[in-house]
Amino acid sequence: MKRRPEAAVSRAAVVDWQQVAASLDERGYATTAALLTTEQCRGLSALYDREEAFRSRVVMQRHGFGSGEYKYLRYPLPDIVEALRQSIYPQLAPIANRWRERLREEGRFPPALAAYLKECHATGQERPTPLILKYEAGDYNCLHQDLYGDLVFPLQLTVLLSAPEDDFTGGEFLLVEQRPRAQSKGEVVPLRQGEAVIFPVHHRPVEGTRGPYRVTMRHGVSRLRSGRRFTLGIIFHDAA
């Protein structure tokens, strides 16, 4: 799928990644300006009907995941998805390594995605995880975490491919943070078409009186009131 991936790479390059890191530390998520044009968003949404582009389809109702469906892209990924995955990973790897240090977790993430995927594939995690999700009126996604094996890169992103109010209403991106011995905290993250939210896969460090501690994060999507909503999910570890 040729959709001028270099333009998306250029947009990713001008993101203020220091601000992203600060927002992730402070709030547990960060948003970006549009990484994709309207044309690119429409192209990826239209790709959903091309079965040859995907390795599997999941109907959420069958698994208790909510209502709606999603498909995992197959290798080789569409050019624009591959370009975003390759260009954003090096920006997030230093944040991921700093989080590991704060939480006293072993191991460090290599600076390039190819090296990290080589580690994944050596453990049997060889299936690509980027996906496109489709929601119709009444659909929603339960709070969850995208864990696909022992190796987990702790950050991921979602790009909104549809236009709020024009293509759909409702369907807000949700994040819930569960701190030890405390009530859960929820966030609604508004996005416009082409914009991305970056967030933890499963947990993040928070500074406490006795040093950093781990808080659990889950994400989902509220019920769509009308229309159709497509999103692109980019996960950096592959699946077993």
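User: What should I know about the model before I read it?

Analyst: The model is predicted, so local features need pLDDT of at least 70 and side-chain atom pairs count only at pLDDT 80 or more, while totals for chains, interfaces and linings use all residues. Residues are numbered from 1 along each chain as its sequence is written, and side-chain values use heavy atoms, with hydrogens and water left out.

User: How many aromatic pairs are there by the rule, and what is the rule?

Analyst: Rings of Phe, Tyr and Trp (its six-membered ring) pair if their centres lie within 6.5 Å, and planes under 30 degrees apart count as stacked, over 60 as edge-to-face and the rest as tilted. The count here is 12 aromatic pairs. Among them, Y89 and Y116 are stacked, because their ring centres are 5.9 Å apart and their planes stand at 15 degrees.

User: Are Y89 and Y116 buried or exposed?

Analyst: Buried means under 20% relative accessible area, exposed over 50%, and partly exposed in between (1.4 Å probe, protein chains only). Y89 is buried at 0%, and Y116 is buried at 2%.

User: How are the rings of Y89 and F153 arranged?

Analyst: Their centres are 4.9 Å apart and their planes at 45 degrees, so the pair is tilted. F153 is also buried, with 0% relative accessibility. One aromatic cluster is formed by Y89, F109, Y116, F153 and F236.

User: Which charged end sits over the ring of Y72?

Analyst: A charge sits over a ring if NZ of Lys or CZ of Arg is within 6 Å of the ring centre and within 35 degrees of the ring normal. The charged end of R55 sits over the Y72 ring, 4.5 Å from its centre.
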